[in-house]
Amino acid sequence: MKHLFIVMFSLLIYSSAYGQSNSCCQLPQDPTTEKQKMYATADCITLLDSTAVTVQPSGSGSFVIYKKIKVQTPKGAVQNRIIKYDYDPLTAFAEFRYVTIYRTNGDVINLDITQACDYAAPARAIYWGARQIMMEVGRLYPGDIIEYKIAKKGFTYALLAGDDDESRFVPPMYGQFYDIVPFWATEPTVRKVYTVSIPMEKDMQFQFYQGECTSSMRYEDGLKVYTFAMKDMLPFKKEPNMVDLFDCAPKLMMSSTPKWQDKSLWFNKVNEDYNSFAPLPEAQKKVDELIKGKSTEMEKIAVLTHWVADNIRYAGISMGKGEGFTLHNTKMNYTDRCGVCKDIAGTLISFLRMAGFEAYPAMTMAGSRVESIPADHFNHCVAVVKLSNGTYMPLDPTWVPFCRELWSSAEQQQNYLPGVPEGSDLCLTPVSAPENHYVRIKANNKLDINGTLRGQFTITAEGQSDSNIRSIFTRGWQSDWQNTLEKQLLNISPKAKLLKVDYGKDPKNYQAAPIRMTFTYEIPQYASVVGKHIIFKPMVMNNLYNQVKSYLRINTDLKNRNYGFKDACSRLVELDETIQLPKGYTMMQTDKEDHKQSTAADFDGSLKQKGNTIEFHQKLSLKKRVYDAADWEGFRAAVNAHKSFGDYIIIEK
């Protein structure tokens, strides 16, 4: 069957290259359709994108990636002059089988694949020796067609037979196969096909999400052959701040693992067998020191989590076979004091066990949803600890350095799978209430007849808002503190003068209390004086600490959304300001008041004059981190109402 497939595949390539009838590569013929217009104007077109996989009983197998691309513009020629493919040499191998160029004049150029480059892939923070293969196609012209085939070994997706050291290509969960196949395109694609052949005795469950495809299962030569195909795929239309493409674009998930509990049990066993969390005398001494005087379980869990988060540096260096699923042991982690998420989580698990807790590793996906099909859609490792009431609490020391939380709320509404001895189903972290991440600014200002603003404001914050605002103290140089704080006022006006700032005795001590700072300042010419009128904005709405207001980076001019969207975190924003006016001046606008309420966001705001003072108040409550498309109306209404209070105020004598 394998040889038959290769012969048929070669015939397909031959016929399409020379313009003969080939239905899978024919473009839409109706020039009035949107698809035809997009095909006509695209820089390049993918004529065929095909992946064929054959799975062995061990879970390993063989697969071939084939692509055929037509160049239509000079820009498309530049985009395709180099072909790159990533792989991990610890568990995979990849090579070009051929690269061919078909010129519009009929010339056929078979490139010398021995000239392909295999080199260390660019990396940042994680240096696990990832590699890329690259083939330089050279100068292309509109009308040229590029055709190439890549063969790869590697348990993550599928494998090819015929290497002296096949053991490294066997998947860690022996006998199991899974794949996650994106079915979206960045350029018009005439046809995309994914085929996987597995032994008859293996069962495979699958589901196609967020779209439709043509699918089939056939019995061929003692194998089950699953085929999935889509035609006439247009580039996926993205929206600003939308959820990950895996959460909204067409995708295929498949796995031979029956249920998540099986993966949970395997993940537990592989690390217990490796003895990842064995006690270490030096580490035990540190644990005893940290928990001394701590009487409750939460006090002990907190002090251990924060120490690990603050003292294990994030830096990934390959330690050899097993990177990605086996957690390094306590001795290595405690000695090196650096690693990636699994090393930081592993250190915490070891610490918790040495303190008498039951603790285990867990896998999670930072950035997108994990589906019910047990395919390993994970990119991050965390920990769980068993509390006295029998429940498991997730902990993530990687994401909470100098943060008052134990589980970062930048990860709320995120799936995770604990590797516990009894097995676990897929879990979901809950929404964190906006009140857990408040930022409050309260200002008392006085405006004089020349437009100079003098006053004080106090900012307080908790949770993720605290981490954002406090970062200048926990991550920056102390010599830069004053300048960094002054920049907040300079964001309001380049003429602002910071007279004094009180940030307490030890602002680096994030565990002591929520951040609190008081600024005293003077801003000459803050307001514009035009005859009998003075024009200005409420200071708390004028670029003050906008870095913590992540919702301002979401474009609320969009009236409708088709897909879900994300903010950095749920958040409560409270802004209060009193502005004492020059004698005899009154606000030209009428008093303003607005209220919005929905399942996504609430808003209350008021602007009014009492005597010689303008009183400004806002309360914006954003209730989630990940929102559905249906939440857009409520979210947008609340945020736009909030923004509307930043309009200029005009006062007159």
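Predicted model: local features only at pLDDT ≥ 70, side-chain atom pairs only at ≥ 80, totals over all residues.
The protein chain as a whole averages a pLDDT of 90, and 91% of the residues score at least 70. Over residues 1-23, however, the pLDDT is below 50, and this stretch has 25 contacts in the model beyond near neighbours in sequence.

## Helix α6 and its surroundings

Let us turn to helix α6, which covers residues 297-311. Its 15 residues reach 21 Å from the first C-alpha to the last, close to the 21 Å expected at 1.5 Å a residue. Buried residues in α6 run through Ile 301, Ala 302, Val 303, Leu 304, Thr 305, His 306, Trp 307, Val 308 and Ala 309. What lies over them? The cover includes the helices α5 (281-291), α7 (330-336) and α8 (341-354), along with the strands β20 (380-386) and β21 (392-395).

The contact with α8 can be followed residue by residue. On the α6 side are Ile 301, Leu 304, Thr 305, Trp 307 and Val 308, and they meet Ile 344, Thr 347, Leu 348, Phe 351 and Leu 352 of α8. The axes of α6 and α8 are 9 Å apart, and the two helices pack at an angle of about 150 degrees. Their crossing is right-handed.

## The eight-stranded sheet

Next comes an open sheet of eight strands with mixed pairing, in the order β26-β27-β25-β24-β31-β35-β34-β33. Its edges are β26 (497-502) and β33 (592-597), each of which pairs on one side only. On average, neighbouring strands of this sheet are turned by 10 degrees against each other, direction ignored.

Within the sheet, β24 (residues 438-447) and β25 (residues 453-461) pair in the antiparallel sense over nine bridges. Arg 440, for example, has Thr 460 in β25 as its bridge partner. Helix α9 (residues 463-474) packs on the sheet, where it touches β24, β25, β27 (515-523) and β31 (571-580). The direction of α9 makes about 65 degrees with that of β27. Helix α11 (residues 632-644) also packs on the sheet, touching β31, β33, β34 (601-610) and β35 (613-622). For α11, the angle with the direction of β34 is about 20 degrees.

## The four-stranded sheet

An open sheet of four strands is ordered β28-β29-β37-β32 and has antiparallel pairing. Here β28 (528-530) and β32 (586-587) are the edge strands, each pairing on one side only. β32 and β37 (residues 649-652) are joined over two bridges in the antiparallel sense, with Ile 651 in β37 as the bridge partner of Met 587.

Most residues other than glycine have a negative phi. Tyr 545 has a positive phi of about 50 degrees although it is not a glycine; its place is the loop between β29 (533-536) and β30 (565-566). Is Tyr 545 buried or exposed? Tyr 545 is buried, as its relative accessible area is 2%. Arg 337, also not a glycine, has a positive phi of about 55 degrees and sits in the loop between α7 and β18 (338-339). With a relative accessible area of 30%, Arg 337 is partly exposed.

Asn 80 belongs to the loop between α3 (74-79) and β3 (82-87). Asn 80 counts as buried because its relative accessible area is 12%, under the 20% cut-off. Leaving aside residues up to four places away in sequence, Asn 80 touches Cys 44, Ile 69, Val 71, Val 137, Leu 140 and Ile 146.

Notes
Residues numbered from 1 in each chain as written. Heavy atoms only, no water. Buried < 20%, exposed > 50% of the residue type's maximum accessible area, 1.4 Å probe, protein only. Contact = heavy atoms within 4.5 Å. Pairing = 2+ DSSP bridges. Axes fitted to C-alpha atoms, helices over the stretch in contact; angles between N-to-C directions. Expected span 1.5 Å × (residues − 1). pLDDT = per-residue confidence, 0-100. Left-handed = near helix turned anticlockwise from the far one by under 90°.
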